[in-house]
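Work through the exercises below with the model in view. Try each task before reading its solution.

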4 protein chains.
Amino acid sequence: MSFNTFGHLFRVTTWGESHGPAIGATVDGCPPGVALNEAVIQPWLDRRKPGTSKFTTQRKEPDEVRILSGVFDGMTTGTPIQLMIENTDQRSKDYGDIAQAFRPGHADITYHQKYGLRDYRGGGRSSARETASRVAAGGVARAVLAQLVPGLKITGYMVQMGAKAIDRGRFDAAQIEENPFWCPDPVAAIEWADYLDDLRLNHNSVGAVIEVIATGVPAGLGAPLYAKLDSDLASAMMSINAVKAVEIGDGLAAATLTGVENADEIRMGPNGPEFLSNHAGGILGGISTGQPVVCRFAVKPTSSILTPRQTVNTRGEELDLITKGRHDPCVGIRAVPVGEAMMACTLLDHLLLDRGQTGGIRGHIG
Amino acid sequence: MSFNTFGHLFRVTTWGESHGPAIGATVDGCPPGVALNEAVIQPWLDRRKPGTSKFTTQRKEPDEVRILSGVFDGMTTGTPIQLMIENTDQRSKDYGDIAQAFRPGHADITYHQKYGLRDYRGGGRSSARETASRVAAGGVARAVLAQLVPGLKITGYMVQMGAKAIDRGRFDAAQIEENPFWCPDPVAAIEWADYLDDLRLNHNSVGAVIEVIATGVPAGLGAPLYAKLDSDLASAMMSINAVKAVEIGDGLAAATLTGVENADEIRMGPNGPEFLSNHAGGILGGISTGQPVVCRFAVKPTSSILTPRQTVNTRGEELDLITKGRHDPCVGIRAVPVGEAMMACTLLDHLLLDRGQTGGIRGHIG
Amino acid sequence: MSFNTFGHLFRVTTWGESHGPAIGATVDGCPPGVALNEAVIQPWLDRRKPGTSKFTTQRKEPDEVRILSGVFDGMTTGTPIQLMIENTDQRSKDYGDIAQAFRPGHADITYHQKYGLRDYRGGGRSSARETASRVAAGGVARAVLAQLVPGLKITGYMVQMGAKAIDRGRFDAAQIEENPFWCPDPVAAIEWADYLDDLRLNHNSVGAVIEVIATGVPAGLGAPLYAKLDSDLASAMMSINAVKAVEIGDGLAAATLTGVENADEIRMGPNGPEFLSNHAGGILGGISTGQPVVCRFAVKPTSSILTPRQTVNTRGEELDLITKGRHDPCVGIRAVPVGEAMMACTLLDHLLLDRGQTGGIRGHIG
Amino acid sequence: MSFNTFGHLFRVTTWGESHGPAIGATVDGCPPGVALNEAVIQPWLDRRKPGTSKFTTQRKEPDEVRILSGVFDGMTTGTPIQLMIENTDQRSKDYGDIAQAFRPGHADITYHQKYGLRDYRGGGRSSARETASRVAAGGVARAVLAQLVPGLKITGYMVQMGAKAIDRGRFDAAQIEENPFWCPDPVAAIEWADYLDDLRLNHNSVGAVIEVIATGVPAGLGAPLYAKLDSDLASAMMSINAVKAVEIGDGLAAATLTGVENADEIRMGPNGPEFLSNHAGGILGGISTGQPVVCRFAVKPTSSILTPRQTVNTRGEELDLITKGRHDPCVGIRAVPVGEAMMACTLLDHLLLDRGQTGGIRGHIG
């Protein structure tokens with residue numbers, strides 16, 4: 001059961017509103033004996049933090065994480081880890097306009113309908129600011145994974161902005177950190193910069209597609225049938241703000257393949273079976289194969305734009321709404337570190353779950 | 001926590017293997033006082049059952065459901081409902097070939113790796129036969145929904161086979177039950193028949209895209225942030241065999257939209273706010289808006305084909321494998337009633353969850 | 001979340017009513033690779049089954065368990081194990097009297113109040129018959145424990161019937177299987193036989209206290225703070241029909257001790273630390289110490305007696321009710337194997353949970 | 001699943017160590033629209049806080065709670081409520097002696113064994129200081145209950161210190177707040193003061209029995225079979241530090257009753273059925289009857305005493321340990337508000353759970 005908790009054994013509960021005193025994550029089920037302090041987590045937060053380029057919100061948040069519990073002498077103790085990030089740059093007055101009116105395409109109206117009241121300041125709980133808590137928790141997950149599965153590596157990047165997809169032929173992992181879009185295609189990165197500048201100046205925003213890949217994932221992770229690794233990844237990614245689609249491996253394109261094409265054929269390599277392709281995205285029957293785990297998700301455009309849109313308010317009056325405030329023209333950009341964090345949490349969770357269920361039993365081949 | 005359980009309050013645990021004595025579902029958390037007997041559930045199973053056309057497996061299973069508990073005098077009692085479907089047409093000898101060899105693209109290898117052993121007969125637990133249990137549980141969910149939310153209606157259909165999509169201009173809901181593909185486009189249905197016949201005769205298979213729509217869903221369902229309605233639907237659909245992608249509303253296409261285009265603008269109608277479009281697929285911030293809930297998922301092609309594919313066996317020997325047995329050339333077809341069942345279970349679950357959390361509080365507009 | 005499910009990772013969902021077609025347990029999370037078949041489980045059921053002496057209900061139930069899933073070639077596969085026990089000797093006509101009337105001291109009235117309707121036949125879901133499902137699941141847990149922790153041993157026995165307690169000076173474990181009361185004190189056993197005979201002939205019943213001890217439990221099991229081993233044992237035992245109190249170690253008597261008396265002092269033995277006493281009942285801070293885990297629970301007298309008691313019926317009419325049917329004069333007797341089963345399930349669950357969380361990390365002493 | 005979370009729908013996760021920067025509780029699943037602020041919670045904390053009499057620890061903690069999220073404009077919003085209490089009076093140097101040595105009767109040794117390391121300062125996570133977080137969460141639960149079930153009242157008090165029980169004939173609820181022991185018997189209160197003074201001066205401590213009663217509880221709360229109200233209360237109370245036994249209604253004494261005596265007979269009163277006695281403690285079949293819910297628990301004596309006790313340290317050396325620091329001579333005293341808090345959380349949780357499952361269906365009588 002959960003409302004605000006994610007995970008089976010590595011359980012992350014995020015809390016906090018955009019303009020409250022703080023946000024954070026309660027991380028329960030973290031294994032003991034892992035080296036951890038704020039300095040281990042902070043770099044991941046710095047990657048997501050607002051105000052790093054003109055393409056993200058100009059809100060200035062240091063996003064400094066504090067560990068309030070669960071760590072002693074620089075080591076996790078197996079008790080709950082409380083991660084707190086204070087909110088420092090709230091400008092709630094920017095949000096007076098949406099106190100009663102509902103931004104089209106935004107959660108304003110559904111929170112009002114469900115709860116009868118809502119913290120409208122900056123979107124309250126539905127703000128993408130919550131994802132900082134996820135990234136902090138992901139930092140903990142990464143620290144544990146680094147100790148338990150040293151070779152595991154998680155990399156996220158943007159593969160499409162609006163209708164503009166990268167050219168896979170130009171894919172260069174070294175480029176990802178070199179532009180404000182986490183874009184592995186340097187040509188696309190330049191094109192996107194112009195495109196997004198234009199949109200921003202025209203008071204518009206745009207969607208994106210993010211890909212997250214994990215390599216070095218051991219075979220055997222995933223708990224069929226309803227806690228399959230892909231099922232949990234789908235849940236994890238779809239829970240991120242603005243996400244409307246999740247794909248594993250070939251994803252939607254798998255529908256267009258024939259069985260002959262889709263079969264990831266297997267040969268024996270020096271260290272056991274090897275797949276000749278990876279249409280499956282590293283997951284078969286909900287269980288990892290040992291190949292790279294490949295997940296993509298689509299992010300819709302930011303709803304908060306300066307172009308007027310038709311809407312109503314709580315009194316049932318019709319109006320045209322312009323959303324002021326400091327918003328990302330492409331929320332997909334900052335979703336990259338969030339997707340990585342969700343991948344890290346999900347993989348660690350399944351590592352622990354598998355350890356609990358099978359004790360690491362593995363069937364021999366060869 | 002779950003391995004084989006789905007849902008928060010309406011909890012469905014499926015059990016059983018393809019060639020064991022029976023399969024079934026333990027349904028816990030069903031509200032009391034709902035009229036239920038086998039005749040209420042059986043029609044849904046009949047829609048999914050094998051052997052109904054040449055386009056589905058020729059295995060002959062009556063798929064007769066028995067209710068073993070939780071119902072008294074034709075009414076649910078609030079106690080667990082045990083649904084059992086006996087397996088009657090197992091031909092385990094067909095599976096001798098895959099006892100030791102792994103079908104490429106199939107869960108054979110990952111079950112072996114994770115568990116050290118597996119029931120290889122008919123795919124065992126990873127067989128699509130398990131989805132009959134889901135459909136039975138979905139029948140219970142539908143009976144409850146019919147009583148609690150009379151206007152709610154769930155409809156699934158296939159919108160794409162291989163690369164061949166329907167023409168939305170020809171969409172005719174009345175056609176869905178008129179062809180073996182649950183296809184709302186009568187022209188596409190004819191085309192698909194030829195295409196699939198061809199593939200089948202060529203010992204091949206193909207993927208598909210299914211769409212499931214629920215209308216009459218009350219606003220306010222969904223428990224942010226990690227039990228969002230869309231997040232749980234993604235998990236539900238991705239847990240179905242062979243599914244590789246899930247979309248809500250515009251799905252992947254949302255990435256290509258601008259904020260101006262994507263905004264579902266709102267006007268006041270006679271009964272409250274009305275949306276002028278439904279890019280969101282009926283869900284904003286993880287909570288239902290009252291518009292139709294729209295979900296799509298992509299199914300990969302059947303891995304079990306008569307065309308030889310390269311693989312290895314448990315002894316590490318390389319071989320070319322042909323999968324005999326009675327397999328669906330397009331598993332997407334029978335995934336339609338399964339998708340509907342998962343939609344029904346998810347919506348009921350969130351109806352109960354919302355009742356538990358908010359007691360049906362709703363914010364007024366107008 | 002659960003209504004009818006017990007356990008974190010080793011999850012047992014029982015289902016079924018006293019007079020329905022069958023009862024059973026869905027066991028999810030059982031590790032793979034454990035030898036299991038019906039013959040392994042049946043002996044535990046035979047210990048609990050009705051009609052074995054004049055001191056238990058004369059209902060004749062063979063209580064034969066069938067495994068419907070989760071086992072292949074005599075080994076668990078890691079998938080859900082469905083255990084089914086058919087009901088064969090229902091005499092529902094015996095229960096006409098309680099269809100509308102509520103037995104004082106029984107769940108009749110609360111089930112009616114909560115659910116609006118109930119399966120009154122034989123107590124329906126609230127019947128102690130449900131505990132057969134627990135014993136079956138406990139049989140699975142014992143088989144797994146036998147493989148994972150060979151030295152672990154669970155023993156239950158009755159230490160008090162009515163006000164008549166055993167004399168601990170006469171405690172002889174060999175006696176437990178030698179009398180119909182699972183009584184370790186042969187003198188008390190004889191006294192109890194006369195006492196219970198008398199009560200039975202006087203249309204009365206009586207309560208009891210059961211003790212369950214587990215030896216060979218590894219140190220380190222238990223997940224503080226809310227899934228402590230003692231907290232979960234308390235929940236497990238209190239969920240058994242008619243149980244009104246649970247004690248760990250010295251239990252209530254601990255309240256009367258001083259800190260000086262209560263301290264289980266520690267010395268170094270040849271294999272590590274040794275405790276000089278066991279007031280704690282093998283659990284400190286919710287975590288097992290390696291000493292015997294000692295749990296006791298009190299069972300109230302059977303409510304279904306032939307002596308008339310004042311009550312009302314659903315129409316609000318007052319009446320004097322005599323409960324016919326075949327009831328145990330001391331339900332505590334058959335609660336002994338049930339308590340053992342709950343101990344087995346709880347210990348296995350915590351073994352898996354600890355494996356998931358700590359991976360079996362243990363702090364060194366010495 | 002949980003390690004540090006309590007509850008099904010009203011979910012409380014406590015976090016924090018005795019000598020870390022702060023402790024707190026993450027409360028998820030709180031219904032929206034309930035008036036809440038720090039002033040509503042603080043009085044409950046003040047009742048539990050240390051240093052209020054010479055009979056509790058002399059640690060001076062203001063125990064001021066801060067609400068960091070989930071409340072807007074003085075109302076709950078349905079999102080997670082973060083409650084933080086800063087630690088201000090840590091004297092970690094007092095604990096140098098137990099950094100390596102294990103207090104007999106304490107969780108020191110089991111935490112070391114399970115986790116391989118532990119925050120030894122003040123007992124770290126196993127300190128009774130954690131119960132302040134429970135009391136804070138209980139304050140939230142009480143605020144919700146006050147709104148949803150106005151007549152519900154929860155009262156805790158001590159009924160036994162060491163072997164000295166109150167005289168039920170002198171029971172006077174008005175006395176409970178008049179002495180430092182929450183003792184309803186003014187004569188016993190005086191006697192206990194002398195007794196405890198003596199023990200304290202003799203470097204000793206003692207156990208106690210606490211009773212918590214809830215009146216005005218609606219009939220129908222409790223989710224059989226494994227989330228029974230009594231089963232969940234047992235788990236809740238047993239999870240409190242130092243608790244070794246839990247009783248419902250007559251508890252252990254129920255074992256000594258006959259069926260004739262134990263039957264709570266029923267007559268029709270002006271407002272429906274009335275029970276003539278309450279041996280059941282307000283719970284039948286795991287479901288509340290509408291009578292007062294009566295729960296008792298036994299607390300063992302404090303392990304941290306100034307009298308030397310034999311023990312070992314992490315190096316396996318034997319030693320005699322005196323525990324300095326500021327400890328309660330009878331932890332039972334401060335367990336009273338904690339027991340009340342656990343009762344409040346459990347009742348609210350079951351109110352929400354029942355609403356989710358049955359929607360408040362109730363069977364009519366009369």
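A salt bridge is a side-chain nitrogen of Lys or Arg within 4 Å of a carboxyl oxygen of Asp or Glu. The model is predicted: local features need pLDDT of at least 70, side-chain atom pairs count only at pLDDT 80 or more, and totals for chains, interfaces and linings use all residues. Residues are numbered from 1 along each chain as its sequence is written, chains are lettered from A in the order in which they are written, and side-chain values use heavy atoms, without hydrogens and water.

**Exercise 1.** Find how many salt bridges cross the interface of chain C and chain D.

*Solution.* Apply the rule across the interface of chain C and chain D: it finds 6 salt bridges. Take one pair, C:R267 with D:E318: their closest N and O atoms are 3.4 Å apart.

**Exercise 2.** State the area buried between chain C and chain D.

*Solution.* Buried area is the accessible area (1.4 Å probe) that two parts lose on being put together, summed over both. Between chain C and chain D this is about 9500 Å². Carbon and sulfur atoms give 59% of that area. Next, look at chain C: C:K114, C:Y226 and C:K244 lose the most area to chain D, together 10% of what that side buries.

**Exercise 3.** Turn to chain B and chain D, and find the area buried between them.

*Solution.* The area is about 1100 Å². On chain B, B:R355, B:G356 and B:Q357 supply 43% of the area buried against chain D, more than any other three residues. Now count salt bridges across the interface of chain B and chain D: the rule finds 0.
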